[in-house]
Amino acid sequence: MSSQRALYNEMHSELDSRTAPDSPDGIEGHVRNILKHMGEDPDREGLLKTPYRVARAFEYLTKGYQQDPKEVINNAIFTEEDYSEMIVVKDIDFFSMCEHHILPFFGRANVAYIPNKRIVGISKVARLVDVYARRLQVQERITTQVANTLMEELNPLGVGVIITAEHLCMRMRGVEKQNSIVTTSATLGAFRTHQETREEFITLVNGRQR
Ligand SMILES: [Zn+2]
């Protein structure tokens, strides 16, 4: 056994069976195979720890599967009888992975709602976006999931979500118009039925670019 191989084994000794390198179904074993298919030597020095690193990266980038979006919101809801103006949380940075290519897409989410006595901590809105983004996704679905969850959990007068993002599966693969930014939106309640509300939201989002 080479010293590199020994180091590799030592590094893995503390891991549970789910992520054991020798488990044929583990991500690491599959990454090793992918490297071989590329024509690479997974045992060369630079790649020796790569399956381990990729598995850890995937765990982090898809940790949203282990998180309950409703729990995130419900732990931070409070009652506010008097405030019924639009609340806008702007420029929430997010990073996600497209489910078609498992490549990153990333951008900013803008989330607004008009409360009906129930208000949620602002940081939790950003957390909600993160929980949905840390999964294999399409941008359209994050947009509607964030809107629907807020609608269900807060019962507000309306919700609006606008997400802009760039997709590396477009840019890196040389798809035409590769610099284009994709914009998606979801509107519920007053944001859908009242044009003035929708326009106020769009004005607030566009008002002061970061
Ligand atoms: Zn894609």
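The structure is a predicted model, in which local features need pLDDT of at least 70, side-chain atom pairs count only at pLDDT 80 or more, and totals for chains, interfaces and linings use all residues. Residues are numbered from 1 along each chain as its sequence is written.

The protein has 9 helices and 7 strands; these are DSSP runs (H or I, at least four residues, for helices; E, at least two, for strands), numbered from the N terminus. Of its 210 residues, 25% are buried. A residue is buried if 20 or more other C-beta atoms, placed from the backbone, lie within 10 Å of its own, exposed if 12 or fewer, and partly exposed in between. Two residues are in contact if their C-beta atoms, placed from the backbone, lie within 7 Å. Among contacts between residues at least 6 apart in sequence, 69% join residues at least 24 apart.

In soluble globular proteins, nonpolar side chains tend to be buried together. Here, the largest nonpolar core holds 33 residues, such a core being a set of buried Ala, Val, Leu, Ile, Met, Phe, Trp, Tyr and Cys residues joined through C-beta atoms within 7 Å. Ala109, Val111, Leu128, Val129, Val146 and Val161 have the most contacts inside it. Beyond its neighbours within four places in sequence, Val129 touches Ile92, Phe94, Ala109, Val111 and Val146.

Val129 also takes part in a helix pair: Leu128, Val129, Tyr132 and Ala133 of H5 make the contact with Ile142, Gln145, Val146 and Thr149 of H6. By class, this contact has 6 nonpolar, 2 polar and no charged residues (Ala, Val, Leu, Ile, Met, Phe, Trp, Tyr, Cys and Pro count as nonpolar, Asp, Glu, Lys and Arg as charged, and the others, Gly among them, as polar). The axes of H5 (residues 122–133) and H6 (residues 139–154) come within 10 Å and cross at roughly 135 degrees. Axes are lines fitted to C-alpha atoms, for helices over the stretch in contact, with angles from 0 to 180 degrees between N-to-C directions.

A second pair, H2 and H3, packs at about 125 degrees with axes 8 Å apart. Ile27, Glu28, Val31, Arg32 and Leu35 in H2 meet Thr50, Pro51, Tyr52, Val54, Ala55 and Phe58 in H3; these divide into 8 nonpolar, 1 polar and 2 charged residues.

Lys49 lies in the loop between H2 (27–37) and H3 (50–61). Lys49 is partly exposed because 16 other C-beta atoms lie within 10 Å. Arg32 is 17 residues from Lys49 in sequence and 10.0 Å away in space, C-alpha to C-alpha.
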